[in-house]
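Please take a look at the sequence and the 3D structure, and keep both at hand while you read. We will go through the chain a piece at a time.

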Amino acid sequence: MRAQQTPDAFNARLSWVPISSAERNDVAGRGSATAKLSRSRLLVSGSFERLPAPATLATLRQGAAIGASGPVIAELKVEHAVNGTFSGRVELNRGQRAALLAGELYIQLHAERGVPPDNAVLRGWLLADQRAASSRSRN
């Protein structure tokens, strides 16, 4: 039997941040992201479309669990557009790397118009790519 390998490929589906009915017109769009982990370096890239206003900020964040909000780890480069891309290279410390492997890191996208107080519109958790992990285990 082989030892289980640490995943190195991650995916996220970006969907609406939690909203109230009053904020319905401030949130729209969707996106996706992929990330590759090599030792402590995480390479992130993704795209988004149909935002309610041009994007202003994309961040990598760490929550206490999958679905839980948390603080910013790093800012990512983002196109100032309603349809565009984001990317970044982040050096993770041991705790952040462990959080990634536990599914606790997520990407949050902000726009000129979004949910107060910071105009967030989309977010999604980076989860291990099960297809990549299963193909490695067969080799």
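## Two arginines in loops

Arg-39 sits in the loop that links β2 (30-38) to β3 (41-49). This is a predicted model, and in it Arg-39 has a positive phi of about 60°, although it is not a glycine. Is Arg-39 buried or exposed? With a relative accessibility of 75%, Arg-39 counts as exposed, because the cut-off for that word is over 50%.

Arg-50 is not a glycine either, yet its phi is positive, at about 60°. Its relative accessible area is 56%, so Arg-50 is exposed.

## The whole chain

Now step back and look at the protein chain, which has two helices and nine strands. If you read along the sequence, the pattern is β-β-β-β-β-β-α-β-β-β-α. The chain has 139 residues, and 40% of them count as buried.

What share of the contacts between residues at least 6 apart in sequence joins residues at least 24 apart? The share is 63%.

## The core and strand β7

Which residues have the most contacts inside the largest nonpolar core? They are Leu-42, Phe-86, Leu-100, Ile-107, Leu-109 and Leu-126, in a core of 28 residues. Strand β7 (residues 105-115) gives the most to this core, contributing four residues. β7 is also mostly covered, with nine of its eleven residues buried.

Next, find the partners of β7. Strand β4 (residues 55-62) pairs with β7 in the antiparallel sense, over seven bridges; here Thr-59 has Gln-108 of β7 as its bridge partner. Strand β8 (residues 120-125) also pairs with β7 in the antiparallel sense, over six bridges, and Ile-107 stands opposite Gly-124 in β8.

## The turn between β7 and β8

β7 and β8 form a hairpin, with four residues between them. In this turn, Asn-119 has a positive phi of about 60°. Pro-117 lies in the loop between the two strands as well. A cis peptide bond joins Pro-116 and Pro-117, and its omega is about 10°.

## Helix α1 and Gln-96

Which residues of α1 are buried? They are Gln-96, Ala-99 and Leu-100. Viewed down the axis of α1, these buried residues fall within an arc of 100°, so they line one face of the helix.

Gln-96 belongs to helix α1 (residues 94-101). Its relative accessibility is 15%, and Gln-96 counts as buried because the cut-off is under 20%. Leaving aside residues up to four places away in sequence, Gln-96 touches Gln-62, Ile-73, Glu-91 and Leu-105.

At the start of α1, a side-chain oxygen of Asn-93 reaches to within 3.0 Å of the backbone nitrogen of Gly-95. Just after α1, Gly-103 takes a positive phi of about 80°.

Thr-85 is a residue of strand β6 (residues 84-91). With a relative accessible area of 39%, Thr-85 is partly exposed. Its contacts, not counting residues up to four places away in sequence, are with Gly-46, Ser-47, Phe-48, Lys-77, Val-78 and Glu-79. With Glu-79 there is a polar contact between side chains, at 2.6 Å. Thr-85 and Gly-31 are 54 residues apart in sequence, and their C-alpha atoms are 9.1 Å apart in space.

Val-72 is in strand β5 (residues 72-78), and at 43% relative accessibility it counts as partly exposed. Which residues does Val-72 touch, if those up to four places away in sequence are not counted? They are Thr-59, Leu-60 and Arg-61. Val-72 and Leu-60 are twelve residues apart along the chain, and 5.9 Å separates their C-alpha atoms.

Key. Residues numbered from 1 in each chain as written. Predicted model: local features only at pLDDT ≥ 70, side-chain atom pairs only at ≥ 80, totals over all residues. Heavy atoms only, no water. Buried < 20%, exposed > 50% of the residue type's maximum accessible area, 1.4 Å probe, protein only. Contact = heavy atoms within 4.5 Å. Core = buried A, V, L, I, M, F, W, Y, C linked by side-chain atoms within 4.5 Å. Pairing = 2+ DSSP bridges. Arc of directions from axis to C-beta. Polar contact = N/O pair within 3.5 Å; in protein donor to acceptor, adjacent residues only side chain to side chain.
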